[in-house]
Amino acid sequence: MTKARKTATKLPPRAWQRMLSGRRLDLLDPAAIDIEIEDIALGLARVARWNGQTLGDHGFSVAQHSLIVEDICAHIVPDLEAKWRLMALLHDAPEYVIGDMISPFKAALGFDYRRFEDHLEQAIHIRFGLPALMPKEIKVLIKQADHGCAYFEATQLVGFSPDEARTFFGHPPEGYALRLHAWDCLTAKTRFIDRFNQLSAMLNA
């Protein structure tokens, strides 16, 4: 063994990720200033739900899912304020860093994973002028819309029967019709950013 190798100090593990925007996001202590919507949109457009096990030429992205969840929230509560609609659009935004882990695996990882996800979500909310913590009633609404979207995904893209999907996700939203096909990455990214800009303009009007 060479002297250089003997004396070399072991560096601590890298805890940040460089984004295409040039930002360095500290994964253990994310700062709002290092979060950019372009990074989120790109990441979510390239993260596939259901671990990619869906019909079609493209994976069904978290970006497309997020757009539908925001739309379902507005269907359930037509006068929903813009800030809560933006929060719905961003409800899975942490997945641009951590990916879309299926629920059983999240449960297996336990509390530390949930704490990390919550910390990143709060930084994202602060970055875009939203309350750091999601109000309970908004969390319930988004979860309802999330399950509604999952029902359509499960029955149209994943191979669940309607009865099987209702067992896991409940009934789809009453009066809400949806026909799914997965968008390509560029379409998903562009539409996500466009909707973010629309809601941000409404929020700041």
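What is the accessible surface of the protein, and what percentage belongs to carbon and sulfur atoms? The accessible surface comes to about 11,600 Å², and carbon and sulfur atoms hold 54% of that area. The structure shown is a predicted model.

**Overall build**
- The protein has 10 helices and two strands.
- Read from the N terminus, the elements follow the order α-β-β-α-α-α-α-α-α-α-α-α.
- Of the 205 residues in the protein, 44% are buried.
- When contacts between residues at least 6 apart in sequence are considered, 66% of them join residues at least 24 apart.

**Helix α2**
- Helix α2 covers residues 37-46, and eight of its 10 residues are buried, so this helix is largely enclosed by the rest of the structure.
- Buried here means that a residue has under 20% relative accessible area.
- The buried residues of α2 are Ile37, Asp39, Ile40, Ala41, Leu42, Gly43, Leu44 and Ala45.
- In general, an α-helix has 3.6 residues a turn, so residues three or four places apart point the same way.

**The loop between α2 and α3**
- Trp50 lies in the loop that runs between α2 and α3 (62-76), and Asn51 is found in the loop between these helices as well.
- The phi of Trp50 is near 60 degrees, which is a positive value in a residue other than glycine.
- Asn51, also a residue other than glycine, has a positive phi near 55 degrees.
- For comparison, most residues other than glycine have a negative phi.

Methods:
Residues numbered from 1 in each chain as written. Predicted model: local features only at pLDDT ≥ 70, side-chain atom pairs only at ≥ 80, totals over all residues. Heavy atoms only, no water. Buried < 20%, exposed > 50% of the residue type's maximum accessible area, 1.4 Å probe, protein only. Helix = DSSP H or I, 4+ residues; strand = E, 2+ residues; numbered from the N terminus. Contact = heavy atoms within 4.5 Å. Areas by Shrake-Rupley, 256 points an atom, 1.4 Å probe, with all protein chains shown as cover.
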